[in-house]
Amino acid sequence: MQLAVNIVVLTAIYALIACGYVLIYRVSRVLNLAHGELLMLSAYLLLWTASLFAGHAIAAIAAALGLSLVVGAMVYLFLLRKLTGEMALAAVLTTVALGVLLRGVTVLLWSAQQQYPAVPLGLSNWAIALPGGARISLWAGLLVVTTLAVYASLFAFLRLGRWGMRMRAAGQNPLLAAQRGINLHAIYALAWSLSTLTGALAGVLIALDSGLGQTMAIIGLKAFPAALVGGLDSLAGALLGSAIVASAEVILIHHVDPLLSEVIPFLVLIVVLMLRPWGLLGTREELDRV
Amino acid sequence: MLLRLQGAAMAAVLLAAPAAAQDAYTIGLTGALTGPPASTYAPAADALRLYVERLNAAGGIAGKKINLILQDDAAEPGKATANAKKLLAQDNVLLLLNASLSSTFAPVVAEAKRAGVPVLFASSVCPKEVYPPADPLQFCSTAFASTYDSRATLAFIKETAKEPVKIGFSAMAIPLSRAEMDFAEQQAPGLGMTVVGKEVIPPPTPDYTPFATKLKDAGANWVFSWAPWVTQVRTLEALRRLDWKGDYVAWAHIEAEGELARLKDGAFYVVGANALFQDRLPIHQEIAEAAKTAKLTYPIEQLTEGWIAGMVVEAALKATGWPASPEKLAAAMSTLKVDTKGLRGGPIEWTKDNHFRTRQYYRVYRWDSGKGAIQRVKDWTAFDVQ
């Protein structure tokens with residue numbers, strides 16, 4: 001039973017991070033390689049808001065998430081807006097540079113030491129007993145619930161919401177969407193905001209669960225194979241890819257060798273890419289255009 | 001503070017004119033001031049800078065100031081190489097210090113050897129070349145020592161355990177940590193312990209629970225971890241969330257004192273070679289006051305390693321005298337004895353063949369829930385370094 005819980009938690013972590021990659025790629029065809037750093041920045045923002053709202057955990061978390069929404073929009077408006085219509089590679093390289101910048105900025109502002117935002121917020125992380133003798137930490141449990149809520153909201157938003165439909169339209173054919181009066185810059189800014197918000201949710205919950213340090217940026221990258229396995233333009237694919245990668249990882253850690261956890265996401269990725277280069281639920285046409 | 005640290009480093013680089021260098025002891029450090037492992041090294045570099053600033057404010061050594069140049073290598077070998085080249089060729093440093101990952105050692109040492117300049121590993125792990133028979137140009141003041149740390153820890157477990165020990169190990173998937181846990185795994189059966197598992201955990205890992213689950217399911221009643229702090233403490237926290245009731249021993253990295261107070265776990269022991277601030281030595285008071293005056297960002301308990309490096313540098317330069325040269329400095333360091341004023345269990349003593357230290361001392365601490373404070377469980381125990 002504990003094995004199943006471990007798989008669910010890791011799936012939730014990867015899925016919550018992976019949907020950020022998918023949101024931006026699906027709408028603008030840009031691979032955001034600074035997603036891990038943006039996730040880390042959001043967790044550091046929680047550290048800042050925790051000092052501002054000491055003892056008011058909900059306010060601090062809400063403020064950090066709100067700030068991450070703004071950060072996402074600003075990244076697009078000040079950095080990537082001018083690259084709209086240019087080669088996707090230029091935008092991808094810009095995100096790489098942004099990642100390097102954010103890593104440096106976080107060290108300068110918050111130092112390199114391990115931080116625990118839960119401490120100033122006075123939050124505990126007790127374990128919850130589950131049937132079958134399994135246990136899950138409070139924040140890991142919340143992360144699972146949050147992931148489910150985020151995916152349900154995103155599916156509803158993209159299927160039913162007016163702005164969601166505009167995002168899909170912009171992703172499918174930006175020229176036609178623009179001709180139909182859709183403000184592409186607003187759509188792209190929204191995609192960046194939502195992507196950063198989902199990353200922020202992951203970053204904040206991981207930081208509350210187990211602390212915060214410079215390695216968090218790399219955790220963001222670990223979810224990238226899950227997004228690729230599922231198909232970079234498919235939210236359902238991100239969920240499926242995360243489940244496959246996490247299952248393989250946890251099972252091999254438990255039954256074979258813990259060291260395999262480092263390579264197994266990429267082994268799964270290679271196998272999937274050999275069989276379906278556009279990912280399990282990705283769109284072939286979309287990938288061909290890239 | 002890091003801004004100031006890097007600003008000071010930049011200013012030092014810009015102002016280190018050759019004329020000035022001739023009137024000062026110029027030493028340089030390449031270290032992971034940024035990058036993922038910076039939490040281990042940046043506080044040490046900060047403390048060393050503070051120590052040197054205080055020394056200079058007090059008149060320097062033999063009337064000469066110390067010109068400390070700090071260079072960030074972000075734990076990347078390429079940057080460390082460039083730093084070493086610059087410090088050696090451009091700044092003509094007398095001594096090169098390394099405060100970074102072991103992956104930066106080879107290029108830094110190669111450059112230093114070409115220039116005939118001694119290298120001091122300060123807060124970075126001691127390479128095997130400093131142990132007998134030592135390389136003439138490599139020295140180390142860092143607390144932790146491979147194989148000796150495991151011997152001390154296993155000896156502590158043996159004398160503390162009240163029932164047969166079923167031990168599990170937790171390492172980070174980096175060569176040094178794995179090798180140490182392999183060594184401990186080999187030693188444990190000879191001490192009557194049953195080895196039930198060893199988890200080698202890749203850095204970084206979003207969730208440590210799968211690894212902790214294995215250790216718990218294996219039936220470990222003791223777990224020993226010798227790895228970067230993040231791996232040590234997150235494995236413990238994951239085990240506790242799984243309702244594991246066993247005893248956990250880890251190496252007392254610079255984060256240990258703050259973390260013992262955060263976790264308040266009476267069955268979590270840290271074995272280390274530095275006295276914690278809870279020992280309230282006069283030298284601790286001195287460090288605390290200096291840090292307060294300088295408004296350092298890092299907690300004072302993380303400054304010990306860098307402070308000790310400062311003591312070693314001071315002693316080495318005093319023994320070298322003026323005018324100084326790398327050859328004279330290396331010769332002086334080869335017979336150096338540094339009084340750490342209680343920060344270690346004994347002096348750091350180097351000989352021609354031993355540039356680690358002739359004796360390594362260990363203390364063990366844990367959280368005392370009854371007193372609500374850190375408790376010294378075992379006082380200094382000495383191990384001769386052969």
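Predicted model: local features only at pLDDT ≥ 70, side-chain atom pairs only at ≥ 80, totals over all residues.
Colleague: What share of chain B is buried?
Modeller: Buried residues account for 57% of the 386 residues in chain B. As for how the chain contacts itself, if you take the contacts between residues at least 6 apart in sequence, 68% of them join residues at least 24 apart.

Colleague: Where is the confidence lowest in chain B, and where is it highest?
Modeller: The lowest confidence in chain B is in helix α1 (residues 2–15), at a mean of 47, whereas the highest is in strand β8 (residues 222–225), at 98. Over residues 1–5 of chain B the pLDDT is below 50, and this stretch has 16 contacts in the model beyond near neighbours in sequence. Over residues 8–20 of chain B the pLDDT is also below 50, and that stretch likewise has 16 contacts beyond near neighbours in sequence.

Colleague: And for chain B as a whole, what is the mean pLDDT?
Modeller: The mean is 91, with 94% of the residues of chain B reaching 70 or more. For the model, the scores are ipTM 0.84 and pTM 0.85.

Colleague: Switching to the contact between the chains, how many residues does each chain put in?
Modeller: Chain A contributes 32 residues and chain B contributes 35 residues. On the side of chain A that touches chain B, at least two residues each come from α1 (2–28), α4 (88–110), β2 (135–137), α9 (184–210), α10 (216–222), α12 (235–255) and α13 (260–275) of chain A.

Colleague: Which of those gives the most?
Modeller: That is α1(A), which supplies five residues to the side of chain A that touches chain B. Sorted by class, this side has 16 nonpolar, 13 polar and three charged residues.

Colleague: Now the backbone: which peptide bonds in chain B are cis?
Modeller: One of them joins Pro132(B) and Pro133(B), with omega about -5°, and Pro133(B) lies in the loop between β4 (119–121) and β5 (138–140) of chain B. Another runs from Trp322(B) to Pro323(B), with omega near 0°, and Pro323(B) sits in the loop between α12 (304–320) and α13 (326–333) of chain B.

Colleague: What about Ser111(A), what is its phi?
Modeller: Ser111(A) has a positive phi of about 65° although it is not a glycine, and its place is in the loop between α4 and α5 (118–121) of chain A.

Colleague: Is Ser111(A) buried or exposed, and why?
Modeller: Ser111(A) is buried, because 24 other C-beta atoms lie within 10 Å, and the cut-off for a buried residue is 20 or more.

Colleague: And what does Lys295(B) look like?
Modeller: Lys295(B) is not a glycine either, yet has a positive phi of about 55°, and this residue lies in the loop between α11 (282–294) and α12 of chain B. Lys295(B) is exposed, because 8 other C-beta atoms lie within 10 Å, where the cut-off for an exposed residue is 12 or fewer.

Conventions: Residues numbered from 1 in each chain as written. Chains lettered and ligands numbered in written order. Contact = placed C-beta atoms within 7 Å. Helix = DSSP H or I, 4+ residues; strand = E, 2+ residues; numbered from the N terminus. Nonpolar A, V, L, I, M, F, W, Y, C, P; charged D, E, K, R; others polar. pLDDT = per-residue confidence, 0-100.
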